[in-house]
Amino acid sequence: MVNKTKREIARATQQLLKEKPINKITIKEITQKCELTRNAFYYHFSDIYDVVNFIFENEVDNLLDEFMDENNFEGGFQKGISFLYENRDMMKHIYKTHQYESVNRCMEKITYKVIMKMIDSIDVEGKYSQDVRKVTALFYRSSFVGVMQQWLTNDTLMPPDVIAVLCDDIFVGTVIPSLEASEKAISGLGVNII
């Protein structure tokens, strides 16, 4: 269970990120907004990027609990993309800084986790090796994170439901052939890839 102080710091940081870039936000602004001391902030987080990572990881854990069923990925894409869409000002401010790599790594980690869970739910019989699952998840992770970056930083955003349907259709329509092709290629090499 996430404690109340961490949630307050995260909420204050999210509000500030909707107004300005991450590199323009100070710890003082965050602590004033949630009426805490600097010591309270540093007790829970090492810096602002740590807070942003917490926001994403906490939100994704909530989303995973809500939507991960093995028959409907579109609902999952919809909720995840809706979260990004609702927070697009925050996301744009993050991507305008030279430190966006920190958040990008967090998005990659989260996306990988979601894709692996989806692959596991598709391949309940364990037909595909762990190497194949990992390589396939890395491929889709890179694709989806790239699409999300373009979508969030472009001024003409497609509505979340449209991008969710597209992501769902692409994933569902291509993941099994990708797994099969990867399995064939990796087994032909005769080595562990990852």
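Predicted model: local features only at pLDDT ≥ 70, side-chain atom pairs only at ≥ 80, totals over all residues.
Residues are numbered from 1 along each chain as its sequence is written, and side-chain values use heavy atoms, with hydrogens and water left out.

The protein chain contains 9 helices and 0 strands, where helices are DSSP runs of H or I with at least four residues and strands are runs of E with at least two, numbered from the N terminus. Along the sequence the pattern is α-α-α-α-α-α-α-α-α. The chain has 194 residues, of which 43% are buried; buried means under 20% relative accessible area, exposed means over 50%, and partly exposed lies in between (1.4 Å probe, protein chains only). The accessible surface comes to about 10600 Å², and carbon and sulfur atoms contribute 50% of it. Areas were computed by the Shrake-Rupley method with a 1.4 Å probe, and for residues only the protein chains shown count as cover. Among contacts (heavy atoms within 4.5 Å) with a separation of 6 or more, 72% join residues 24 or more positions apart.

The largest nonpolar core holds 48 residues, and those touching the most other members are Ile 30, Phe 56, Leu 84, Met 91, Met 148 and Phe 171. Two or more residues of this core come from each of α1 (4-17), α2 (27-33), α4 (48-67), α5 (73-86), α6, α7 (100-122), α8 and α9 (160-189). A nonpolar core is here a set of buried Ala, Val, Leu, Ile, Met, Phe, Trp, Tyr and Cys residues joined through side-chain atoms within 4.5 Å. In soluble globular proteins, nonpolar side chains tend to be buried together.

Helix α6 (residues 88-95) packs against helix α8 (residues 130-153) at an angle of about 105 degrees, with the axes 9 Å apart. The two helices are therefore roughly perpendicular, a class that covers 65 to 115 degrees, whereas angles under 35 degrees count as roughly parallel, over 145 as roughly antiparallel and the rest as oblique. Axes are lines fitted to C-alpha atoms, for helices over the stretch in contact, and angles run from 0 to 180 degrees between N-to-C directions. On the α6 side the contact involves Arg 88, Met 91, Lys 92 and Tyr 95, and on the α8 side Gln 149, Leu 152 and Thr 153. These residues divide into 3 nonpolar, 2 polar and 2 charged. Ala, Val, Leu, Ile, Met, Phe, Trp, Tyr, Cys and Pro count as nonpolar, Asp, Glu, Lys and Arg as charged, and the others, Gly among them, as polar.

Ile 27 belongs to helix α2 and is buried, at 9% relative accessibility. Apart from neighbours within four places in sequence, Ile 27 contacts Arg 38, Phe 41, Tyr 42 and Ile 48. The C-alpha atoms of Ile 27 and Thr 13 are 9.1 Å apart, at a sequence separation of 14 residues.

Arg 38 is located in helix α3 (residues 38-44) and is partly exposed, with a relative accessible area of 45%. With neighbours within four places again left aside, Arg 38 contacts Ile 27, Lys 28 and Thr 31. The C-alpha distance from Arg 38 to Ile 27 is 7.0 Å, across 11 residues of sequence.

Glu 35 lies in the loop between α2 and α3 and is exposed, with a relative accessible area of 72%. Although not a glycine, Glu 35 has a positive phi of about 55 degrees. Most residues other than glycine have a negative phi.
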